[in-house]
Each structure stands twice: as C-alpha cells, then as structure tokens.
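Please open the model in your viewer and keep the sequence panel beside it. The stops below say what to select and what is there.

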Amino acid sequence: MDFEALWNYQTEDLKAEAIATEIKRSPIRVKLEKARDFIMERQKQYKQIEDSIAQITDRKDVLFQALESTVARIADQKVRMEALDPEDEEAVAALRDEVARSREEIHSFEKELNRMNADSSAYDKQLRAVRVDAAKAKQAFDQLKVDYENESRVKKEELEQQRARARALEGTVEEALMKEYLAIKKHTIPPVVRLQYGQCSGCNTSLPSATLSKIRNGALVECETCGRMIIQ
C-alpha cells in the first residue's frame with residue numbers, strides 16, 4: 001500500500017481543516033454569534049412581557065365586570081334597605097352584613113387593580129428597555145456581520161484553494177486507504193501518524209513487536225489505543 005501518498009494527502013487535507021477551524025473560531029464570528037444570541041434572548045423576553053401584559057389586561061376586564069356587578073348589587077341592597085321596616089332589626093342587620101361584604105369585595109377589587117396598574121407600568125418600562133437593548137444589539141450585529149463577511153471572504157478563498165490542492169491528491173491514494181482515512185477522521189485527527197521509537201506518535205502507546213513487524217512490512221495497522229493508522 002502506498003502510505004506516502006496518503007500521508008501527502010493528509011498534509012494538505014489537514015491544512016484545509018486548520019483554515020476552516022480558523023474561520024469558525026474568528027473573534028468577529030464569536031462576537032457575531034453572541035450578538036445574535038442576545039437579540040434572540042431579548043425577542044423572547046419581549047414576547048414574555050407582552051404575554052404578561054395581555055394576562056393583566058384580561059384580568060382587568062374580569063375585575064371591571066365584577067366591580068360593576070358588585071356596585072349594582074350595593075345599589076339594590078340600598079333600595080332593599082330603604083324598603084325594610086326599621087323595627088325589623090334582624091333583617092336590617094342581615095342586609096347591613098350583605099352591604100359590608102359587597103364593600104369589602106369592591107375594596108379587594110380596587111387593591112388588585114391598583115397592583116395590576118403598577119405591574120403594567122413596570123412592564124411598560126421593561127418593554128422600552130428591551131426595545132432599546134435590542135435595537136443597539138441589532139446595530140452592532142449588522143456591523144459585525146459586514147466585518148465578518150469581509151474577513152471570511154478572504155479566508156474562504158484561501159480555504160477553497162487549499163481544498164483544491166487536497167482534492168488534486170485524492171486520486172493518488174488507494175480507495176481502501178481513503179475509505180479508512182475518512183472513517184477514522186470522523187472521530188480522530190490526525191487519522192494517520194508515524195511510528196516513532198516503537199510507539200504510536202498519536203497517543204505515545206508502545207507497540208508489541210508483532211505489530212511493529214506488520215508496520216515495517218507495509219501492512220495496514222491501526223493503534224489499539226487511539227484508533228489511528230500507523231505508518232513507517
């Protein structure tokens with residue numbers, strides 16, 4: 001097997017991988033992704049606040065209806081009070097209790113409405129703050145996107161050129177070796193390493209003499225420890 005052809009291919013292939021990694025780890029790209037995540041988080045927060053405001057609005061509608069109903073009930077109780085015989089102390093006392101309970105309900109409704117008005121005011125402030133933060137983040141994101149596109153354009157051209165150099169060597173590698181190389185590359189880089197001082201240079205594991213003999217005789221050998229192909 002022509003392991004040298006595979007080694008030469010790997011050299012060019014890994015150069016391409018290094019450029020691709022450099023593009024992914026670009027400081028501008030990292031900032032761009034953080035800005036994107038920040039905007040998405042603010043959008044989510046904005047939606048949550050809107051939902052909370054909608055719930056308050058719905059609850060206010062219920063309270064206003066209950067308040068109107070209670071006010072109407074008190075008016076009816078007053079009419080009934082005026083129609084009672086003043087000497088019927090038990091009936092008068094019972095009706096007064098009804099009126100007192102109705103007034104307590106109104107007081108409870110008013111307290112809840114005041115609390116919800118305060119919550120609505122706080123949510124409105126939060127919405128304004130979120131909108132400002134999101135607008136600033138979007139402006140920064142747009143600029144970072146332009147900067148990254150300019151930076152990556154040069155790097156992507158370099159990457160394509162390097163990948164072209166690697167592809168030019170693919171035909172020199174035996175099909176079985178290429179298949180094995182690609183399989184190992186999915187979980188280990190580099191897939192191919194040299195034998196050094198009787199060890200796998202990928203993980204520094206010492207190899208038994210039988211394995212060393214196979215490698216020196218040109219057989220396809222994978223390290224039992226790291227799974228890489230080992231060549232002379």
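This is a predicted model, in which local features need pLDDT of at least 70 and side-chain atom pairs count only at pLDDT 80 or more, while totals for chains, interfaces and linings use all residues. Residues are numbered from 1 along each chain as its sequence is written, and side-chain values use heavy atoms, with hydrogens and water left out. Helices (H or I, at least four residues) and strands (E, at least two) are DSSP runs, numbered from the N terminus.

**Stop 1: Ser26**

Select Ser26, in the loop between α1 (3-24) and α2 (27-83). Is this residue buried or exposed? Ser26 has a relative accessible area of 4% and is therefore buried. Buried means under 20% relative accessible area, exposed means over 50%, and partly exposed is in between (1.4 Å probe, protein chains only). Now show what surrounds Ser26: apart from neighbours within four places in sequence, Ser26 is in contact with Tyr148 and Glu151. Contact means heavy atoms within 4.5 Å.

**Stop 2: Ile49**

Move to Ile49 in helix α2. With a relative accessible area of 4%, Ile49 is buried. Which residues is Ile49 in contact with, leaving aside its neighbours within four places in sequence? They are Tyr123, Gln126, Leu127 and Val130. Draw a distance from the C-alpha of Ile49 to that of Tyr123: the two are 6.5 Å apart in space and 74 residues apart in sequence.

**Stop 3: Glu149 and Lys60**

For another C-alpha to C-alpha distance, select Glu149 and Lys60, which are 50 Å apart in space and 89 residues apart in sequence. Glu149 is found in helix α3 (89-170). Its relative accessibility is 37%, so Glu149 counts as partly exposed.

**Stop 4: salt bridges**

Side chains of opposite charge can pair when their charged atoms come close. A salt bridge here is a side-chain nitrogen of Lys or Arg within 4 Å of a carboxyl oxygen of Asp or Glu. By this rule there are 16 salt bridges.

Start with Arg59 and Glu112, whose closest N and O atoms are 2.8 Å apart in a salt bridge. This pair links distant parts of the chain, with Arg59 in helix α2 and Glu112 in helix α3, 53 residues apart. Arg59 is partly exposed at 35% relative accessible area, whereas Glu112 is buried at 16%.

Next select Glu98 and Arg80, whose side chains form a salt bridge of 3.4 Å, N to O. Here too distant parts of the chain are linked: Glu98 belongs to helix α3 and Arg80 to helix α2, 18 residues apart. Glu98 has a relative accessible area of 26% and is partly exposed; Arg80 is also partly exposed, at 35%.

Asp37 counts as partly exposed at 39% relative accessibility, and Arg36 is partly exposed at 38%.

**Stop 5: a charged patch**

Select Asp85, Glu87, Asp88, Glu89 and Glu90, which form a patch of negative charge on the surface. Patches are made of residues with over 30% relative accessible area and no salt bridge, and like charges are joined within 9 Å. Where does Asp85 lie? Asp85 is in the loop between α2 and α3. At 45% relative accessibility, Asp85 is partly exposed.

**Stop 6: backbone geometry**

Most residues other than glycine have a negative phi, and most peptide bonds are trans. Zoom in on Ile189 and Pro190, which are joined by a cis peptide bond with omega about 0°. Pro190 sits in the loop between α4 (175-185) and β1 (192-196).

Go on to Tyr197, in the loop between β1 and β2 (199-200). Tyr197 is not glycine, yet its phi is positive, near 50°. Its relative accessible area is 83%, so Tyr197 is exposed.

End at Asn204, which is placed in the loop between β2 and α5 (209-216). Phi of Asn204 is near 65°, again a positive value in a residue other than glycine. Asn204 is exposed, with a relative accessible area of 53%.

Note on methods. Patch = residues over 30% accessible without salt bridge, like charges linked within 9 Å, V, L, I, M, F, W, Y side chains within 5 Å. Areas by Shrake-Rupley, 256 points an atom, 1.4 Å probe, with all protein chains shown as cover. Lys, Arg positive; Asp, Glu negative; His and termini not counted. Charge placed at Lys NZ, Arg CZ, Asp CG, Glu CD.
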